[in-house]
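Here are my notes for anyone opening this one for the first time. Have a look at the chain, then read through the points below.

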Amino acid sequence: MPQEETPEQRRDAYNMSRLRSSSLEIMEKGTEFLREQLDAAQKELKLKDEECVRLSHIRNQLELELEELTASLFEEAHKMVREANVKQATAEKQLKEAQGKIDVMQAEVSALKTLVLTSTPSSPNPQLHPQLLSPGSARGSRGHTRNKSASGALQLHSEPPADVLPQREDRELDSVLFAEFLSWKESPSLDRSSAFLSRLHREDIGPCLSFTCTELSKSVQSAVESNSLTIEPVAMSTVPTVKSIECGGPNKCALSGMSRPCRHRIKLGDKENYYYISPSSRARITAVCNFFTYVRYIQQGLVRQEVQMMFWEVMRLRKEMSLAKLGYFMTEGI
């Protein structure tokens with residue numbers, strides 16, 4: 001027979017049952033609390049992950065914008081440097097062209113002064129027309145005088161014989177040339193279709209600008225006709241140029257090919273080439289330029305003279321071209 005439990009055993013069993021029930025309840029509550037803590041931690045971790053993703057996206061976007069900004073700044077800096085170099089080169093080129101144009105304008109001003117001082121029928125200028133001097137003064141000017149030497153040599157005078165009349169330069173108007181000039185004067189232009197300019201190109205301009213280097217001669221004539229030729233002293237070559245190419249040399253003329261001292265050089269239009277020219281070549285180019293300058297002044301209505309005076313000025317310029325073609329030219333005094 002089973003033994004009956006004593007009251008103490010029943011109390012101990014009851015206490016153990018209660019203890020076991022409390023333990024299970026505590027475990028359940030602890031598990032539920034931990035689960036809540038875990039869920040809260042997971043939610044917080046998820047929020048932090050989302051925040052990290054968002055911040056990472058912002059960082060990537062900022063890095064991309066920074067790279068683009070840096071590239072843009074470098075490109076803008078290079079662009080500014082290029083523009084500055086181009087502006088500097090353009091300014092230097094314009095400075096050089098302006099200096100050349102100043103020389104041309106000074107020559108034109110001198111030509112204008114000559115035109116202003118040119119004698120008119122009412123008031124001839126004896127300095128420009130020595131043939132208008134009186135025979136006595138002309139004879140005096142032609143007399144040759146030699147100063148006395150240290151040894152006391154006699155002063156000698158060379159005078160023409162009494163039976164020889166004093167000579168002077170005279171002129172007679174050519175009716176054909178004058179008619180061609182009048183026809184051109186009615187509607188002045190630089191077109192070669194007129195008989196007046198066609199004759200001058202054929203008889204004066206072409207021969208005067210005909211040099212050994214034929215191709216360069218044609219380019220020079222085109223530049224003179226278009227008023228785009230620049231003549232400058234060689235001393236100006238110290239100014240820095242951009243991509244300039246010098247042809248010939250200080251001792252060799254690029255037009256004639258002859259070894260001559262070249263104190264000037266020319267530039268044709270916007271081309272970068274510079275050509276050294278001798279004094280004779282410069283005189284020939286200048287003579288043609290003076291003619292075209294005067295013709296342009298007539299075309300623009302700047303010449304206020306009688307038609308015959310204009311005609312004789314054209315003839316004088318033709319004479320200068322002929323003399324320059326024959327090798328005569330003026331040199332500056334030393």
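Leaving aside its neighbours within four places in sequence, which residues is I285 in contact with?

1. I285 is in contact (heavy atoms within 4.5 Å) with L209, V220, V224, L229, I231, L255, I266 and I277, once neighbours within four places in sequence are set aside.

2. A word on what you're looking at: this is a predicted model, where local features need pLDDT of at least 70 and side-chain atom pairs count only at pLDDT 80 or more, while totals for chains, interfaces and linings use all residues. Residues are numbered from 1 along each chain as its sequence is written, and side-chain values use heavy atoms, with hydrogens and water left out.

3. Now the overall layout. The chain has 7 helices and 6 strands, taken as DSSP runs (H or I, at least four residues, for helices; E, at least two, for strands) numbered from the N terminus. Read from that end, the order is α-α-β-β-α-α-α-β-β-β-β-α-α. Of the contacts with a separation of 6 or more, 65% are between residues 24 or more positions apart.

4. Buried residues (under 20% relative accessible area; over 50% is exposed and in between is partly exposed, with a 1.4 Å probe and protein chains only) make up 25% of the 334 residues.

5. Next, a helix pair. The axes of α4 and α6 (lines fitted to C-alpha atoms over the stretch in contact, with angles from 0 to 180 degrees between N-to-C directions) come within 9 Å and cross at roughly 160 degrees. That makes α4 roughly antiparallel to α6, a label for angles over 145 degrees. On the α4 side the contact is made by L197, L200, H201, I205, P207 and C208, and on the α6 side by R284, V288, F291 and F292.

6. Last, the cysteines. There are 0 disulfides (pairs of cysteine sulfur atoms within 2.5 Å) in the structure. For C253, the nearest cysteine sulfur is that of C262, 5.3 Å away. C253 counts as buried at 1% relative accessibility, and C262 is buried at 5%.

Key
Parallel < 35°, antiparallel > 145°, perpendicular 65-115°, else oblique.
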